[in-house]
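Open the model in your viewer and keep the selection tool at hand. We will go stop by stop, and at each one you select something and look around.

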Amino acid sequence: MTDASLPGRYPEIYAAASGDPERFWLQAAEALDWTRAPTRAFEPEAGPYGRWFPDGELNACHNAVDRHADGARAEQPAIRYDSPVTGTGRTISYRELRDEIAALAAVLADLGVAKGDRVVLYMPMVPEALVGMLACARLGAVHSVVFGGFAANELAVRLDDARPKLVLAASCGIEPNRVVAYKPLLDAAIARAGHKPEACLILQRPQCAAALSEGRDRDWAEAVAAARAAGRSAPCVPVSATDPLYILYTSGTTGKPKGVVRDTGGYLAALAWSMPNLYGVAPGETYFCASDIGWVVGHSYIVYAPLLHGCTSVLYEGKPVGTPDAGAFWRVVSEHKVACLFTAPTALRAIKKEDPEGARVGAYDLSAFRSLFLAGERADPDSVAWAERVLDRPVIDHWWQTETGWPIAGNPIGLGLLPVKHGSTCVPMPGYRVEVLDEGGKPVPAGTMGTIAIRLPLPPGCLPTLWGSDARMRASYLATFPGYYDTSDAGVIDGDGYITVLGRTDDIINVAGHRLSTGGMEAVLAGHPDVAECAVIGIRDALKGEVPCGFVVLKAHVARDPAEIERELVARVRDEIGPVAAFKLALTVPRLPKTRSGKILRATMKRIADHEPWTMPATIDDAGVLDEIGESLKGRGIGSA
Ligand code: COA
Ligand code: AMP
């Protein structure tokens with residue numbers, strides 16, 4: 001329950017969405033252009049738990065771009081590309097963006113892409129990536145962006161699941177310490193995958209040109225230039241509101257990632273609501289989301305929401321520190337007159353570490369800047385307090401999942417800032433009926449910890465299903481607590497209705513705001529010929545929040561140097577999953593601690609590694625093993641000393 005005595009318009013708005021969701025969401029949908037306006041908001045019988053705006057029809061690209069390009073915002077910047085890693089930048093107006101998208105869409109259509117076809121993107125933070133996503137949306141095709149920090153195997157798994165007709169890729173991405181050649185990774189992924197895309201459109205970047213494969217690969221710039229010279233452009237194709245706009249893969253509890261499906265109408269309606277009400281941003285203002293288009297936050301708040309709302313979106317190809325310094329975000333905010341910045345707590349911790357007094361903040365004119373939003377991992381109260389002090393503006397923690405597509409909880413500054421409580425992600429957004437449940441699925445009293453669950457139906461914007469599998473959707477999210485969506489996050493709701501998220505209840509860990517499956521890493525370690533068994537846990541890290549640590553038991557006959565095997569294991573995770581896993585610590589141990597029924601005691605291992613008090617589990621098979629775990633951590637910069 002939320003507290004009706006909270007200030008501002010929030011209590012009234014939340015109550016309106018709960019009391020009459022049909023009316024509330026049909027009204028929210030009026031922010032969009034529909035080719036056929038919905039007459040109903042929700043159809044409870046469709047899909048695993050219902051579908052939003054079942055009889056509506058619209059096009060996402062039209063809503064995000066064309067309606068502004070055809071109207072008063074034609075010459076307003078839609079995108080400000082700011083790339084300290086290449087030393088370049090570019091401003092693209094809504095009109096220019098529409099023309100680029102329409103030309104690329106014509107190329108995609110020539111390559112056979114039509115409504116409902118999937119297109120995988122493997123691209124860095126360049127404008128063409130947004131143009132590619134929106135060109136798919138224009139045709140009613142379904143994009144699936146794969147983050148550039150994932151290796152070939154992860155890309156292959158996604159190719160096999162999404163079965164794209166086409167891949168859009170760049171020749172390389174640029175990290176501060178290296179150029180990441182994407183084309184060899186793409187080639188390796190296609191070689192591994194059972195499903196072969198018919199064609200690949202490759203954007204050549206000057207930092208690393210790729211050799212194109214005869215027959216399959218096309219040069220992006222040449223194809224688009226030819227289309228433009230011939231005056232070609234593709235129109236927006238109306239789709240049903242329930243048709244998928246994109247698939248975004250996220251770590252599941254098994255090695256196989258989950259293909260989160262995003263519908264079109266519900267998603268756009270929820271995003272359009274969030275911009276003025278949650279983020280307090282007006283059309284024409286500049287929004288800077290310092291995430292990556294490979295993540296849900298990037299899809300929603302670099303691409304779709306700012307453009308839908310007629311804002312200017314900053315596309316930043318750089319890091320919070322080192323490109324060139326800890327003032328990078330403040331420079332961007334100042335140069336582009338950013339009203340709202342959205343980043344991950346990790347980025348804030350990195351900046352704080354290099355500039356503890358916030359000296360670089362004062363070097364810039366931040367007069368347009370009103371608020372900082374944080375998400376992706378738990379925002380530690382120290383970092384939030386630090387940011388409030390050096391920025392002298394509201395710092396808002398808000399809670400998200402790839403599955404939900406927009407925040408579950410936050411402090412809706414557009415409705416009137418609510419009191420900020422450090423450590424809490426504030427109150428549920430309209431349509432999210434959030435409860436904390438005990439193991440038996442019963443709601444617990446305020447202030448008691450449990451699993452956070454959302455009463456069905458989920459509001460618009462959230463996943464209607466998993467790609468190709470309603471059954472997996474039900475099994476993964478809806479089966480644990482009948483009538484609820486299981487968030488797999490543990491937490492507490494206090495007497496004011498404020499939600500605190502404490503951590504995952506499954507094997508997912510959060511590394512620098514990136515969601516990773518320890519089960520997936522264990523599968524990679526177990527594939528090493530010398531490994532008998534293994535366990536991966538997330539251990540506390542001052543910068544990244546958590547980092548993975550793998551404990552491995554070698555096969556009895558192995559006589560090789562364990563240090564050499566540990567190095568191979570680190571390389572193996574980097575090659576199979578990717579550098580984003582930040583897997584740098586593999587420790588060989590004689591045995592793993594287990595219960596008498598053979599369950600590995602991961603939670604106790606984590607407490608030991610995190611220097612937290614721990615008690616001997618009553619069910620442990622051999623108590624001496626835990627000492628061996630403590631021993632293995634010594635001298636590695638972690639663990640019990
Ligand atoms: N393509 C290829 N490699 C990538 C990549 C990409 N798009 N993004 C990250 N990587 C690599 C990094 O280069 C790094 O490789 P390394 O092991 O060779 O150093 C590795 O993946 C881990 O990356 P990350 O965990 O992001 O750390 P980092 O060292 O790149 O950056 C910070 C450190 C402080 C900048 C980082 O904590 C940060 O801010 N990350 C972004 C957080 C974020 O936006 N999360 C999104 C959720 S909203
Ligand atoms: P992702 O799907 O990558 O967005 O990761 C979602 C997970 O990140 C959630 O289930 C949480 O565990 C965690 N998370 C996201 N935002 C927050 C937050 N504001 N506070 C605490 N945890 C968060």
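Predicted model: local features only at pLDDT ≥ 70, side-chain atom pairs only at ≥ 80, totals over all residues.

**Stop 1**

Colour residues 10-416 together with 424-492 as domain 1, and residues 512-635 as domain 2. The centres of domain 1 and domain 2, taken over C-alpha atoms, are 33 Å apart. Now look at where they meet. On one side, 23 residues of domain 1 make contact; on the other, 18 residues of domain 2 do.

**Stop 2: ligand 1**

Show the shell next. It has 25 residues, and those that come nearest are Glu-175, Lys-319, Thr-346, Arg-574 and Lys-584. Colour the shell by class: 13 residues are nonpolar, six are polar and six are charged.

Now pick out some atom pairs. A polar side-chain atom of Glu-175 sits 2.6 Å from an oxygen atom of ligand 1. At Gly-149, a polar backbone atom is 3.4 Å from a nitrogen atom of the ligand. Pro-579 also uses its backbone: an N or O atom there lies 3.4 Å from an oxygen atom of ligand 1.

How much of ligand 1 does the protein bury? Taken alone, ligand 1 exposes 920 Å², and the protein buries 86% of that. Strand 10 (178-181) and helix 12 (345-354) are the elements that give two or more residues to the shell. Highlight helix 12, which supplies the largest share, three residues.

**Stop 3: ligand 2**

Zoom in on residues 397, 398 and 401. A polar side-chain atom of Asp-397 is 2.8 Å from a nitrogen atom of ligand 2. A polar backbone atom of His-398 also lies 2.8 Å from a nitrogen atom of the ligand. The side chain of Gln-401 places an N or O atom 3.0 Å from an oxygen atom of ligand 2. Taken alone, ligand 2 exposes 490 Å², of which the protein buries 94%.

**Stop 4: Thr-312**

Select Thr-312, in strand 17 (residues 312-316). Is this residue buried or exposed? Its relative accessibility is 3%, under the 20% cut-off, so Thr-312 counts as buried.

Show what surrounds Thr-312. Leaving out residues up to four places away in sequence, it touches Gln-76, Pro-77, Ala-78, Arg-80, Glu-285, Thr-286 and Tyr-287.

**Stop 5**

Follow the chain into the loop between strand 17 and helix 11 (328-335), where you find Asp-325. Its side chain has a polar atom 2.8 Å from the backbone nitrogen of Gly-327. Another polar contact, of 3.3 Å, joins the side chains of Asp-325 and Arg-360. Apart from residues up to four places away in sequence, Asp-325 touches Pro-320 and Arg-360. Asp-325 and Gly-298 are 27 residues apart in sequence and 23 Å apart in space, C-alpha to C-alpha.

Pro-324 is in this loop as well. Look at the peptide bond from Thr-323 to Pro-324: it is cis, with omega near -5 degrees.

**Stop 6**

Select Pro-457, in the loop between strand 24 (450-455) and helix 14 (470-478). The peptide bond from Leu-456 to Pro-457 is cis, with omega near 0 degrees.

Next comes Cys-426, in the loop between strand 21 (409-410) and strand 22 (427-428). Its phi is positive, near 70 degrees. At 4% relative accessibility, Cys-426 counts as buried.

End at Ser-488, in strand 25 (residues 484-493). Ser-488 is not a glycine, yet its phi is positive, about 60 degrees. With 13% relative accessibility, Ser-488 counts as buried.

Conventions
Residues numbered from 1 in each chain as written. Chains lettered and ligands numbered in written order. Heavy atoms only, no water. Near = heavy atom within 4 Å. Polar contact = N/O pair within 3.5 Å; in protein donor to acceptor, adjacent residues only side chain to side chain. Areas by Shrake-Rupley, 256 points an atom, 1.4 Å probe, with all protein chains shown as cover. Helix = DSSP H or I, 4+ residues; strand = E, 2+ residues; numbered from the N terminus. Nonpolar A, V, L, I, M, F, W, Y, C, P; charged D, E, K, R; others polar. Buried < 20%, exposed > 50% of the residue type's maximum accessible area, 1.4 Å probe, protein only. Contact = heavy atoms within 4.5 Å. Domains from an automatic or database assignment.
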